[in-house]
Amino acid sequence: MWLDINAYVGHWPFHQVRYNTCRTLLERMNQFGVDISVIANMNGIFYKNTQSANEELWQEIRSERRFRDRFIPFAIINPSYAGWRNDLKICVEKWGMKGVRVYPKYHDYEVTDPSLTELVQRARDYGIPVAFQLRMVDSRSRSWMDIAYVNGKASPQKEWTVKSIVPVVKAVPDAKFLILNVANGIFVDKGGDMELFRKAEIVFDTSGRQVSNLGNLLKTYGNGKFAFGTHSPFLDSLTGMLRIAALREAEADDNVRALVRSGNAKRILGIV
């Protein structure tokens, strides 16, 4: 079984994307043998009120019965926006969404913001993961309208590394975290931070370019820390599959491969 923990529907305002509806994404999944995809509505990255995008996603999944068996919806929540607590409640309790995605850079707040900490705590209490998307698109080819500054100041590190989210993991170490599309700096500091990440319920997806040496990463972080992800429709559907297929026998046996294909994702999503 292949369970993709990193996919989207919706529109990107700066260039055209394809396979970005439930119907067309499902066609793509069938083409490459992906059984289930975790999806969010990327419109919520840009809407002032992210709940409008969450409702769009909920309605789209309800529009055809087959979508309900193939897609797992995540809500996009902006904890700096008034009413987010009620939005989260509706998304989880009424619409049955299975996780949250957050975008501090796009929504203009710091990872140390108390509201984000509270959001992660509430997600923990619901038993659902919070996903941090470390890169949406390559900033080297960004539109002049896309983000380049954070809180009005030039950012020395425009794209996040895994170290960027260490503060929120430290603040809520018993929460569940997904770290998606790691394009820069996948390692944290040896010692306390590495031990924190090994103990915490954290899963990386396989889409980011820093996951090219998956065998070494499994050895460093553990067999339970990685899951198949595509970052569709921005990236291709095969790279993550090939990274798993390329694992040598000494790096991963059949049981470990099964964990990365779907087992680790099922565990953190609470799927039996």
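Me: Before anything else, what counts as a pocket and as a lining residue?
Reply: A pocket is an open set of grid points with protein on both sides within 12 Å along at least five of seven lines, and lining residues have an atom within 4 Å of a point. Keep in mind that this is a predicted model.

Me: OK. Which residues lie nearest the centre of the largest pocket?
Reply: Arg135, Met136, Val137, Asp138 and Leu235 lie nearest the centre, out of 19 residues that line the largest pocket.

Me: What volume does the largest pocket have?
Reply: Its volume is about 280 Å³.

Me: And how do the residues of its lining divide?
Reply: The lining of the largest pocket has seven nonpolar, seven polar and five charged residues.

Me: Now cavities. How many does a search of the whole structure find?
Reply: Two, counting those of 30 Å³ or more. The second largest cavity holds about 50 Å³ of space.

Me: Which residues line that second largest cavity?
Reply: Its lining consists of Asp4, Leu25, Arg28, Met29, Phe32, Val34, Ser37, Thr230, Ser232 and Ser237. Four of the residues come from helix H1 (residues 22–32), the largest share of the lining. By type, the lining of the second largest cavity has four nonpolar, four polar and two charged residues.

Me: Switching to salt bridges. How many are found in the whole structure?
Reply: The search finds 12 salt bridges. One of them joins Arg23 and Glu64, with the closest N and O atoms 2.2 Å apart.

Me: Which parts does the Arg23 and Glu64 pair tie together?
Reply: Arg23 is in helix H1 and Glu64 is in the loop between H2 and helix H3 (65–70), so the pair ties together parts 41 residues apart in sequence.

Me: Are those two buried or partly exposed?
Reply: They fall on either side of the 20% cut-off for buried. Arg23 has a relative accessible area of 47% and is partly exposed, while Glu64, at 18%, counts as buried.

Me: What about Glu118, which side chain does it meet at 2.8 Å?
Reply: Glu118 meets Arg85 in a salt bridge, 2.8 Å from N to O. That pair links distant parts of the chain, since Glu118 sits in helix H6 (residues 114–126) and Arg85 in helix H4 (residues 84–94), 33 residues apart.

Me: And which residue forms a salt bridge with Glu118 at 2.9 Å?
Reply: Arg122, with 2.9 Å between the closest N and O atoms. Glu118 and Arg122 both lie in helix H6, four residues apart, which is about one turn of the helix. Arg122 is partly exposed at 33% relative accessibility, and Glu118 is partly exposed at 21%.

Me: Next, Asp205. Where is it found?
Reply: Asp205 is in strand E10 (residues 201–205). Asp205 is buried and has no salt bridge.

Me: Why no salt bridge for Asp205?
Reply: A salt bridge needs a nitrogen and a carboxyl oxygen within 4 Å. The nearest side chain of opposite charge to Asp205, that of Arg243, is 7.5 Å away.

Me: What does the side chain of Asp205 make a polar contact with?
Reply: The side chain of Asn6, at 3.1 Å. A polar atom of the Asp205 side chain also lies 2.7 Å from the backbone nitrogen of Asn181.

Me: Last one. Where is Asn49 found?
Reply: Asn49 is in the loop between strand E2 (36–41) and helix H2 (50–62). Asn49 is partly exposed, with a relative accessible area of 27%.

Methods. Residues numbered from 1 in each chain as written. Predicted model: local features only at pLDDT ≥ 70, side-chain atom pairs only at ≥ 80, totals over all residues. Heavy atoms only, no water. 1 Å grid on protein atoms, 1.4 Å probe; cavity = no way out; pocket = protein on both sides within 12 Å on 5 of 7 lines; lining within 4 Å. Points joined across faces, edges and corners; volume = space filled by probe spheres on them. Helix = DSSP H or I, 4+ residues; strand = E, 2+ residues; numbered from the N terminus. Nonpolar A, V, L, I, M, F, W, Y, C, P; charged D, E, K, R; others polar. Buried < 20%, exposed > 50% of the residue type's maximum accessible area, 1.4 Å probe, protein only. Lys, Arg positive; Asp, Glu negative; His and termini not counted. Polar contact = N/O pair within 3.5 Å; in protein donor to acceptor, adjacent residues only side chain to side chain.
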